[in-house]
Amino acid sequence: MTIETTTSGILLLIAIMTVVTLATRYGGVFAMSFVRISPRVESFINTMASSVLIAIVVPMAFDGDAGARAALLVTAVTMLVLRKPLPSIAAGIAAAAAVRYLF
Amino acid sequence: MSVASYPYQLQPAKVRLEFVRLLPISLFVVAFGAAFGLAAIQKGLEPLQALLMSATVFAGASQFAAVDMWGAQVSVLPLIAVVFAINSRHLLMGASLYPMLKELPPRQRYGVLLLLTDANWAVSAQEYQSGRRNLEVILGGGLALWLAWMIGTLMGVYFGRLLQDPQSLGLDMVLGCFLLAMALGGKKSPRILVAWAVAAAAALAAYWYLPPHTHVVVGALAGGVVGLFWLEKKPV
């Protein structure tokens with residue numbers, strides 16, 4: 001099934017994307033309303049939560065260019081030393097820019 | 001329903017505070033929005049259509065992927081599959097906030113979720129790990145991010161040429177660095193570190209061997225399984 005990208009077709013495509021995305025924003029919370037939050041479930045969702053971040057970032061580092069790796073490495077080191085997010089992020093971005101400028 | 005069954009009260013002052021707190025990261029979101037706006041008009045969307053998409057979908061990576069599939073015709077099922085796969089992380093993100101969200105009245109709960117996205121979720125989830133409850137950042141911070149995404153898209157569709165190459169400035173790494181900083185700012189126990197190692201391995205395996213866009217969910221669920229069997233010891 002295809003939709004022509006006429007004006008009304010595009011509106012329909014945007015509507016479809018909106019509904020699909022909304023379903024992802026609502027679906028997890030809605031499903032959880034049927035689950036009893038036991039300590040085990042709580043433990044699952046807590047480790048899952050920070051694992052989301054790792055699962056986004058690690059493939060980014062493996063697949064990225066030298067700039068991307070430098071950004072993540074510098075962010076990680078700065079964060080572990082200073083424990084302040086904003087300087088860490090700024091340092092990481094500067095590292096990406098510098099590596100890409102130099103190489 | 002009695003008021004007492006929903007003990008979480010969103011505090012307007014804190015919502016405003018969180019709006020301001022996420023303004024710095026929102027500045028970078030403007031740059032991404034501009035890149036999206038430019039990509040959208042290059043693929044033949046009208047400026048208003050690109051703005052409408054940003055306003056209602058509000059999920060950058062999936063919007064980029066969608067306009068990538070744009071042509072004279074768009075196949076609906078692949079579009080749905082890609083948008084769902086990229087955004088399926090929202091399912092887990094929302095679920096992880098459920099212990100707090102269940103204490104909001106349903107209308108507010110599902111209202112706040114309209115603005116759920118990576119950056120404001122990361123702040124809220126990280127604070128929840130350290131015992132602070134912060135749904136205000138989902139609302140206030142989400143509003144800042146949404147406005148930034150709109151302003152960026154607007155700039156991109158009308159003056160996209162201004163920012164030809166955001167990569168050379170490292171701007172494509174803002175979100176990655178932000179999320180990494182959030183992860184490392186949280187609690188780090190042996191249990192968490194094992195979960196991260198499992199999550200990283202599973203995410204990489206999925207990234208290489210499974211269909212595209214599945215790695216976040218696969219990695220996160222794998223990390224969650226560690227927590228399912230390894231419970232935190234309660235302080236005695």
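A salt bridge is counted here when a side-chain nitrogen of Lys or Arg lies within 4 Å of a carboxyl oxygen of Asp or Glu, and by this rule there are 10 salt bridges over all chains. The structure is a predicted model, in which local features need pLDDT of at least 70 and side-chain atom pairs count only at pLDDT 80 or more, whereas totals for chains, interfaces and linings use all residues. Residues are numbered from 1 along each chain as its sequence is written, chains are lettered from A and ligands numbered from 1 in the order in which they are written, and side-chain values use heavy atoms, with hydrogens and water left out.

Across the interface of chain A and chain B the rule finds one salt bridge, formed by A:R100 and B:D172, whose closest N and O atoms are 2.7 Å apart. B:D172 lies in the loop between helix 10 (136-159) and helix 11 (174-185) of chain B, while A:R100 lies in helix 4 of chain A, so the pair joins two chains. Helices (H or I, at least four residues) and strands (E, at least two) are DSSP runs, numbered from the N terminus.

The interface can also be described by the values in this table.

| Quantity for chain A and chain B | Value |
|---|---|
| Residue pairs in polar contact, both at pLDDT 80 or more | 25 residue pairs |

A polar contact is a pair of N or O atoms within 3.5 Å; within protein, one must be able to donate a hydrogen and the other to accept it, and residues adjacent in sequence count only if both atoms are side-chain atoms.

A:M17, A:R25 and A:V29 supply 11% of the area that chain A buries against chain B, more than any other three residues.

Strand 1 of chain A and strand 1 (residues 73-75) of chain B pair in the antiparallel sense over three bridges, where pairing requires that DSSP finds at least two bridges between the strands. In strand 1 of chain B, B:S75 stands opposite A:T2.

Conventions. Buried area is the accessible area (1.4 Å probe) that two parts lose on being put together, summed over both.
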